[in-house]
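Good morning, and thank you for joining.

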Amino acid sequence: MNETTAVKRPPQPDFSAITTEELIAYRAAENGWRASSAARALLGEPDPSAAIEWQDVALPGRVLPVRVYRPLPTGDGETAARSDLPLVIHVHGGGFVGTAVQCDWTNSRLAARLPALVVSVEHRLLAPGTPLSAAAEDGWDVLRHVLRYAAQWGIDPSRTAVFGESCGALISALTAIRARAAGLDLTAQVLVNPVVDVTGTMFDYASIAEHADSSTLALPQLQLLQRLAVPSGANAGAVSPLYADDLSGLAPALVVVPTQDAVADHGRRYAERLREAGTSVRLSEYPEAKHAFLTLPGVEPQAEAAQAEILAFLRASLAK
């Protein structure tokens, strides 16, 4: 999975009428652009103090690529000798389109400045035949794989966080719930502009009506996401963290909400539910910021502040 250089961004299609073939072609072109040097003006430059590479992870029934961020060795060789870095499992946003490369700016900074090992899951994008449950399995299986081989990855499994944006935040929230059920103690969860409801009530929020025509996440995109996430006959509640039976005893959460976002009320309501269940949660709102703002430091001025808040939250949570 190599980044490309001179690539033009494709025009956005009509998501309300897009065919399967058109979706596949569009996401290939869009992800090619996101992985290009041309996209850096929007997506930001990686931190030069972090090494970035693709690795293949052998999971049950499949091999999945992950994008790995490690702090570069310091002058005294301290980082090179360490085998106890905290672990951050990251899941990129996008749902039916997206790639871990689009998050290089934030993930490389976290790796270099925490410092930590950040493993970003190149999950199966939603499509006919790969619904949200498949992408959620990718997030969970990568977490278990890295923890199982903690010594090989050079991490301290007792200091593990999950982190995601948008659909990736949904997957991270599901992972945190699943970890608790499996007796796995996560240290923290960071959910940025999360989508947490793909049931019939997905659109029953004031923020959806207010920002339905947003340039970063419009109503037709959310409707397509729902159609792909939950095939006919599937249990939408099983992949909607908002409707989990029990949200108590989960890892402490930071929920980051840009206010000019169609799913802003998803994040607000999920933070309420976590608080009502007794799970420690901090809701942090960024006025005037739009959906996916964290991945757009070139055009979203509040991306820097949000990244700094996430860094501080994880540093405090993952400290020995």
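P48 counts as exposed because its relative accessibility is 69%, where exposed means over 50%, buried under 20% and partly exposed in between, with a 1.4 Å probe and protein chains only. P48 sits in the loop joining α2 (40-43) to β1 (50-59); helices (H or I, at least four residues) and strands (E, at least two) are DSSP runs numbered from the N terminus. This is a predicted model, in which local features need pLDDT of at least 70, side-chain atom pairs count only at pLDDT 80 or more, and totals for chains, interfaces and linings use all residues. Residues are numbered from 1 along each chain as its sequence is written, and side-chain values use heavy atoms, leaving out hydrogens and water.

I turn now to the pockets. A pocket is an open set of points on a 1 Å grid over the protein atoms alone, where a 1.4 Å probe fits, with protein on both sides within 12 Å along at least five of seven lines; lining residues have an atom within 4 Å of a point.

The largest pocket has a volume of about 580 Å³, volume being the space filled by probe spheres set on the points, which are joined across faces, edges and corners. Of its 31 lining residues, R34, T216, Q221, H291 and A292 are closest to the centre. The largest share of this lining, four residues, is from α1.

The second largest pocket has a volume of about 230 Å³. Its lining comprises 17 residues, with L174, I177, R178, A238 and V239 nearest the centre. Both α5 (132-148) and α7 (167-181) supply at least two lining residues there.
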